[in-house]
Amino acid sequence: MKKLIKYCGISVILFYIAVLSGCATTAVKVFETNESQVKLRSMQTRAFDTIDKQKMMQTVISTMQDLEFVIDKADLTLGSISGSKFLGYAVVTMTVNVRPRSEKQLLVRANAQYGIESVEDVATYQDFFTALEKAIFLTAQQVD
Amino acid sequence: MKKKHLFLKLFFTFLCLGIIGCASIPKGFLKPNEASLEKRQLQMRQYETTDEEQILTAVAGVLQDLGFNLDDSETKLGFVAASKKADATNTGQVFLLAFLGGANAVANADSSQVVKASVITKPSIDGKKIAVRVTFQRIVWNMNGQINRVESINDAEIYQKFYDSLSKAIFLEAHKI
């Protein structure tokens, strides 16, 4: 009997630990990224020598459509475009932001998610900007 | 001896967890492939007009004619998004599942779907035409309410039907690009 109570006690404690640690970690995970903020920003951002925001956004939309994205949201004032595409069973969502950088340049930032994971791969973003460059006939410049 | 066994088991469990954690995002999914030009031809038409607003109004009207509800739009970018819930029951599939797995398996058959449409209009490079590009996606649920399938729709007939309705709506002949 004593043994049984002991085991029950231990399992209750283990259960509490599991529940409590579960709560703590998932809430913290909301802002979790693997890469540093600076590195992430640099791989997701490029500058272009144009100030035509509308044309840039239309080109971003065309590029995303060529990449099989369906555009879900777009807003000229905010300069944001969101789209999604299906890869097998996974959903890829991407948001692209266009904003002025100076009087001569626009800044384009793309961030993609694959399922529940953020895409933090340099080559993947480079692919997108290469496609965008070709569509708008301008060079994508790395931003420090 | 038993302790060693337990240790090995634990070791393998963690190894498996580690591997699952690493099984990650495929590369190159933001690279244009050869199929994209074909898809563009399927999804895109040009109209000989410069009145983008008229085209966009017609697009919204046609989507509603086809039973879609408008979800979002941004006129300045020539953008309209809409969605529609529809039945996805396929008698053949239900029969096959019933034949192979009985009543429990039937619940796995396609039951309902949500079709999403997204339309973009844009002036052509010479500024004399308006290009319209529509893309369709669908999510299919089974009778248990679980997602069976997610896919882009690449059926030429569906795109043709959309543009037939649109052409009628704007009384203009659609020119294939």
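**Questions on chains A and B**

Author: In chain A, the C-alpha centres of domain 1 and domain 2 lie 42 Å apart. This is a predicted model: local features need pLDDT of at least 70, side-chain atom pairs count only at pLDDT 80 or more, and totals for chains, interfaces and linings use all residues. Residues are numbered from 1 along each chain as its sequence is written, while chains are lettered from A and ligands numbered from 1 in the order in which they are written.

Reader: Which residues belong to each domain of chain A?

Author: Domain 1 covers 1-32 and domain 2 covers 34-142. The bounds come from an automatic or database domain assignment.

Reader: What makes chain A more spread out than a compact globule?

Author: The radius of gyration of chain A is 22 Å. The globule rule gives 15 Å for 144 residues. That rule is 2.2 Å times the number of residues to the power 0.38, and the radius is taken over C-alpha atoms. The value for chain A is well over the rule, so chain A is more spread out than a compact globule. Along its principal axes, the C-alpha trace of chain A spans about 80 × 35 × 30 Å.

Reader: How many helices and strands does chain A have?

Author: Chain A has four helices and seven strands. From the N terminus on, the order in chain A is α-α-β-α-β-β-β-β-β-α-β.

Reader: Why is A:Glu68 called buried?

Author: A:Glu68 has 23 other C-beta atoms within 10 Å. Buried takes 20 or more, exposed takes 12 or fewer, and partly exposed is in between, with C-beta atoms placed from the backbone. A:Glu68 is therefore buried. By this test, buried residues make up 30% of the 144 residues in chain A.

Reader: Where is A:Glu68, and what is its phi?

Author: A:Glu68 sits in the loop between α3 and β2 of chain A. Just after α3(A), A:Glu68 takes a positive phi of about 70 degrees. Most residues other than glycine have a negative phi.

Reader: What makes α3(A) "mostly covered"?

Author: Of the 14 residues in α3(A), 11 are buried. Among them are A:Met56, A:Val60, A:Ile61 and A:Met64. End to end, α3(A) reaches 20 Å from first C-alpha to last, close to the 20 Å expected. The expected span is 1.5 Å times one less than the number of residues.

Reader: How do you know that the buried residues of α4(A) line one face?

Author: Start with the list. A:Thr124, A:Tyr125, A:Phe128, A:Phe129, A:Leu132 and A:Ile136 are buried. Seen down the helix axis, the buried residues of α4(A) fall within an arc of 130 degrees, so they line one face. The arc is that of the directions from the axis to the C-beta atoms. On the other side of α4(A), A:Val122 and A:Ala123 are exposed.

Reader: What do the buried residues of α4(A) pack against?

Author: They pack against α2, β1, α3 and β5 of chain A. After α4(A) comes A:Phe137, with a positive phi near 55 degrees.

Reader: What makes the buried residues of α5(B) a one-faced set?

Author: B:Tyr159, B:Phe162, B:Leu166 and B:Ile170 are the buried residues of α5(B). Their arc is within 65 degrees, so they line one face of the helix. The face turned away carries the exposed B:Ala156, B:Glu157, B:Lys161 and B:Asp164. Their cover includes α2, β1, α3 and β5 of chain B: this is what lies over the buried residues of α5(B).

Reader: Why is B:Ile130 called buried?

Author: B:Ile130 has 24 other C-beta atoms within 10 Å, so B:Ile130 counts as buried. B:Ile130 lies in strand β5 of chain B.

Reader: Which residues is B:Ile130 in contact with, beyond its neighbours within four places in sequence?

Author: They include B:Tyr47, B:Glu52, B:Ile55 and B:Pro123. Contact needs C-beta atoms, placed from the backbone, to lie within 7 Å. B:Glu52 is 78 residues from B:Ile130 in sequence and 6.5 Å away in space, C-alpha to C-alpha.

Reader: How many residues take part where chain A meets chain B?

Author: The contact takes 29 residues from chain A and 27 from chain B. On chain A, α3, β2, β3, β4 and α4 each supply at least two residues of that side. The side of chain A divides into 17 nonpolar, four polar and eight charged residues. Nonpolar means Ala, Val, Leu, Ile, Met, Phe, Trp, Tyr, Cys and Pro; charged means Asp, Glu, Lys and Arg; the others, Gly among them, are polar.

Note on methods:
Two residues are in contact if their C-beta atoms, placed from the backbone, lie within 7 Å.
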